[in-house]
Amino acid sequence: MIAGVGVFTGGADGRWHGTGEAEGGWVEIDGDRLLLNVGPLSRPPVVFDAAEPPSDAPLPDGVYRSWEFGVDAVVSDGEVRIGRELKLPVSAAPGGAWKAGPFTRSVSRRATCW
């Protein structure tokens, strides 16, 4: 089961094939990458590269700007605050990132998801 995508079962060709709502889709391991195709056959698969495991280092305190959404996130004492109401604990995530609820943040990239 891939959340938001559907259920996949193993096939004789080495791929997992979608069932039900995911019918026609497939998942394949290609070296250290995971390939996912759930759209038209003319669309290339989505490629997931292997990521480093989570770090024990905390997300540095500070103000982080999401240029995409035009909002600031304030990180302090292991929590992220967005606006007046949203306050979430921050934990380490794979690939040098951190997560807080549905949001992720990587200080190694200029772009941010929060």
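Which residue in E5 stands opposite Leu 36? In the predicted model examined here, that position is taken by Val 46, and the pair belongs to a contact between strands in which E4 is joined to strand E5, residues 46-49, by four bridges in an antiparallel arrangement.

On its other partner, strand E4, which covers residues 33-37, is joined by five bridges to strand E3, covering residues 26-30, and these two strands likewise run antiparallel. Within this pairing, Trp 26 has Asn 37 of E4 as its bridge partner. The strands E3 and E4 together form a hairpin in which two residues lie between them, and Gly 31, located in the turn, adopts a positive phi of about 65 degrees. Pairs between aromatic rings, by contrast, number zero in the structure.

In general, the strands of a sheet pair through backbone hydrogen bonds, in either a parallel or an antiparallel manner. Strand E8, comprising residues 79-82, is joined to E9 by four bridges, with the two strands running antiparallel, and in this pairing Ile 82 stands opposite Leu 86 of E9.

Considered as a whole, the chain contains twelve strands and zero helices, so that the pattern read along the sequence is β-β-β-β-β-β-β-β-β-β-β-β. The radius of gyration of the chain is 18 Å, whereas the globule rule gives 13 Å for 114 residues; because the former value is well over the latter, the chain is more spread out than a compact globule. The C-alpha trace spans about 50 × 25 × 20 Å along its principal axes. Of the 114 residues in the chain, 24% are buried, and among contacts with a separation of 6 or more, 22% are accounted for by residues 24 or more positions apart.

How values were computed:
Residues are numbered from 1 along each chain as its sequence is written. This is a predicted model: local features need pLDDT of at least 70, side-chain atom pairs count only at pLDDT 80 or more; totals for chains, interfaces and linings use all residues. Side-chain values use heavy atoms; hydrogens and water are left out. Rings of Phe, Tyr and Trp (its six-membered ring) pair if their centres lie within 6.5 Å; planes under 30 degrees apart count as stacked, over 60 as edge-to-face and the rest as tilted. Two strands pair if DSSP finds at least two bridges between them. The radius of gyration is taken over C-alpha atoms; the globule rule is 2.2 Å times the number of residues to the power 0.38. Buried means under 20% relative accessible area, exposed over 50%, partly exposed in between (1.4 Å probe, protein chains only). Contact means heavy atoms within 4.5 Å.
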